[in-house]
Amino acid sequence: MYFPSAEVEEILKRIESHKGVIGTVVVNAEGIPIRSTLDNSTTVQYAGQLRHLTMMARSTVRDIDPQNDLTFLRIRSKKHEIMVAPENNFLLIVIQNPCE
């Protein structure tokens, strides 16, 4: 799936403008963050950990039903809500405050 850069930027700006959004990270297929609104160390931590977790979740979904695939992953903790939208070539990670 390919989006022109201006369209991607528009979509990300719209997501980032939502109340409670702390940050967004876009990670390429190799696990390298290619765009982030977070500081570098936080970005690298989220990218690495969530890429691994998403791959495990996708594998679990496919083990249960080989015809199925992971389309969205949502994790809610006491401090944050993390949403991951996996695509073939990238992950979109959104971190938000769950109280807002």
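Predicted model: local features only at pLDDT ≥ 70, side-chain atom pairs only at ≥ 80, totals over all residues.
Biologist: How do you know whether the radius of gyration agrees or disagrees with that of a compact globule?

Modeller: A compact globule of 100 residues would have a radius of gyration near 13 Å, and the protein has 14 Å, so the value agrees with the rule. The C-alpha atoms fill a box of roughly 35 × 35 × 25 Å along the principal axes.

Biologist: Why is Arg58 called buried?

Modeller: The cut-off for buried is under 20% relative accessible area, and Arg58 has 18% relative accessibility, so Arg58 counts as buried. Arg58 lies in helix 2, and, leaving aside its neighbours within four places in sequence, Arg58 is in contact with Asp69, Leu70, Pro86 and Glu87. Of the 100 residues of the protein, 33% count as buried.

Biologist: What makes a set of residues a nonpolar core, and which members of the largest one touch the most other members?

Modeller: The members must be buried residues of the listed nonpolar kinds, joined through side-chain atoms within 4.5 Å. The largest nonpolar core has 14 residues, of which Val27, Tyr46, Leu50, Ile82, Val84, Ile93 and Ile95 touch the most other members. At least two residues of this core come from each of strand 1 (21-28), helix 2 (40-64), strand 4 (81-86) and strand 5 (90-96), and helix 2 gives the most, with 4 residues. In soluble globular proteins, nonpolar side chains tend to be buried together.

Biologist: Which residues are in contact with Ile93, leaving aside its neighbours within four places in sequence?

Modeller: The cut-off for a contact is heavy atoms within 4.5 Å, and with those neighbours left aside Ile93 is in contact with Gly23, Thr24, Val25, Val27, Tyr46, Ala47, Leu50, Ile82, Met83 and Val84. Met83 also belongs to a second, separate core of 6 residues, which includes Leu12, Val21 and Leu92 as well.

Biologist: How far apart are the mean positions of the positive and negative charges?

Modeller: The protein has 11 positive and 12 negative charges, and their mean positions are 7 Å apart. The protein exposes about 6700 Å², of which carbon and sulfur atoms supply 54%.

Methods: Residues numbered from 1 in each chain as written. Heavy atoms only, no water. Buried < 20%, exposed > 50% of the residue type's maximum accessible area, 1.4 Å probe, protein only. Rg over C-alpha atoms; globule rule 2.2 N^0.38 Å. Areas by Shrake-Rupley, 256 points an atom, 1.4 Å probe, with all protein chains shown as cover. Lys, Arg positive; Asp, Glu negative; His and termini not counted. Charge placed at Lys NZ, Arg CZ, Asp CG, Glu CD.
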